[in-house]
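Please have the sequence and the model open as I talk.

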Amino acid sequence: MNGMQSQICRLPPNVGFSGIWDKWPHRSGISMVNHNKMGLLGAISYIIGNIVGSGIFITPTSILNNTDSVGLSLIIWSVSALISILGAFCYVELGTSIRTSGADFAYLCYVKWYPLAFAFMCAGCILTYPATLAVQAQTFSEYVFKGCGSYCHVNDSADFWAKKLLAFALIWVLMFMNFFSVKRLVQYFQIGASIAKVLATALIIGTGFYFLIFKGKTENLSDPFPNSTMLAAGPLVTALFAGLFSYDGWDILNFGAEEIENPKRTMPLAIIIGLIIVAVIYVAVNISYFVVMTIPDIQSAPAVATKFAKISLGEDFQYIVPFLICIVLVGSLNSTMFSASRYLHAAARQGVIPTWISCTNKKEDSPRAALFLHILLSIIISFAGDLDTLISYLAFAQWSQRACTMVALLWIRFRHKPVHPDAITTPFVVPVIFFCVCAALVIVTIVRTIGVAAVGGGICIGGFIFYMIFIYHRALYRFYGYRSFLHKLNHATSVFAQITFNAMVDLHKEGDDQMVDELPSTDSEGDLNKVAPIEELTPRSFANSVLSIDGDIKKCS
């Protein structure tokens, strides 16, 4: 017991959360050394795994419904890929300039827009990502049972709980796998899942191109623009937005920027290779659909891949498609878990949510507490009802956040904020174009579906109000009793989490790991290393350090 107690980082007594930040010795900083960083192949696999989901097999009809044309549909898929690549390179610049995990949250905090970062974090970490994981897990179990077909005959109540338990079992298995090193275990799993995902889509692509090349089935492609002169601008814009949503997920590397090996080389190469592979898959799969099926067939099919298999491969083969979708979903689940846990972990390190969520196993470099909390929230939200509608509400908040992040990038450039010396800089017009796309998405959502915009915006406003009341240093935080209560609660939960997850509170000060290379460690055991501070930033929020009042580090060895 004494040995365990010696490994627990303790918070100093009689100091409020932000009081610990106020006592920070700004002449130095500390950060964990990450020895398990992700390579290029792992980064590519995460991009493919996060973007390619079950939608390409189930409902690729949205774009076709708005274009009513094979040729325009393929053009929309291609243009959406180009716009996504532009946005991805903006985030490559941010990821190589500010080398802190957490994506948009980290970048908004760097320019000191803390209330805005907290508001979007509430929408993302508490609702969007848990709901997304819950939908993916539930879809996995639905298609497992659908693939089993006549072998599963149970009543409605048993069917409900059997699918729920299968979904929960899957995400618990993935969580325990993610408790271990990204480089030594999870990266290889994600690579395998991405290869399986490509092979699953290759079955559809190979079948479609077999009919096209060897059987000469070209009648559905002979007139690619039959109704193009009758198409208005409104449906085209809607189709383009649907295409952009299909490519969403290219920013996954920014959520784990500190876990990427040689970001200057890895991030741009992974973006180019990963998005080109995804674009080729999406266009080729759609061509295959168009070769075998007519436009009315695709528009009327609730699950396009199932109908495709039934027409091209026979009645029996349609039962294999559900298992192909399950293969795709496993990789998507793992990618969602990766980005969501790093988002929570970044918020805890920044200090806007309780410290215990930052607990990381130093040997495996795994944010175990954040992973556990994300899984717990997903299980709770899975009982909330119509999760697809909830996600559509929060998509508005996500694109609003990206628009704000582009403004932050332009602000960093115009104000000449210090960035990492190895940062990649994109042409000025690239972030401007992507900002216009994000702003257009937000404006069109407000104009066309004001209800969706109101719910998504309301959630963000609620997070903003919460920050201003409970975290902002001139509100409740002014009172000693409130600060003392938060400190005691934070201390108790941090100690408990360190014991439970065999992890340490991850220390972070503004300026660490964002712009400068890590200097060689002066610690004899190599657990902590010094980082040259850039500037003093003092967020007024929960404390996320375990430093003593006089500034001496209580080493956790």
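Predicted model: local features only at pLDDT ≥ 70, side-chain atom pairs only at ≥ 80, totals over all residues.

On the side of helix 3, the contact is made by Leu 40, Ala 43, Ile 44, Ile 47, Ile 48 and Ile 51, while helix 13 contributes residues including Arg 265, Thr 266, Leu 269, Gly 274 and Tyr 282. Sorted by class, this contact has 14 nonpolar, two polar and one charged residues.

Staying with helix 3, let me turn to Gly 42, which lies in that helix. Is Gly 42 buried or exposed? Gly 42 is buried, with a relative accessible area of 0%, and, leaving aside residues up to four places away in sequence, Gly 42 touches Gln 187 and Ile 191. Gly 192 is 150 residues from Gly 42 in sequence, yet their C-alpha atoms are 9.8 Å apart in space.

My other residue is Glu 93, which lies in helix 6, residues 70–97. Glu 93 has a relative accessible area of 5% and is therefore buried, since the cut-off for that term is under 20%. Which residues does Glu 93 touch, again not counting those up to four places away in sequence? They are Leu 409, Arg 413, Ile 424, Thr 425 and Thr 426.

Technical notes:
Residues numbered from 1 in each chain as written. Heavy atoms only, no water. Contact = heavy atoms within 4.5 Å. Helix = DSSP H or I, 4+ residues; strand = E, 2+ residues; numbered from the N terminus. Nonpolar A, V, L, I, M, F, W, Y, C, P; charged D, E, K, R; others polar. Buried < 20%, exposed > 50% of the residue type's maximum accessible area, 1.4 Å probe, protein only.
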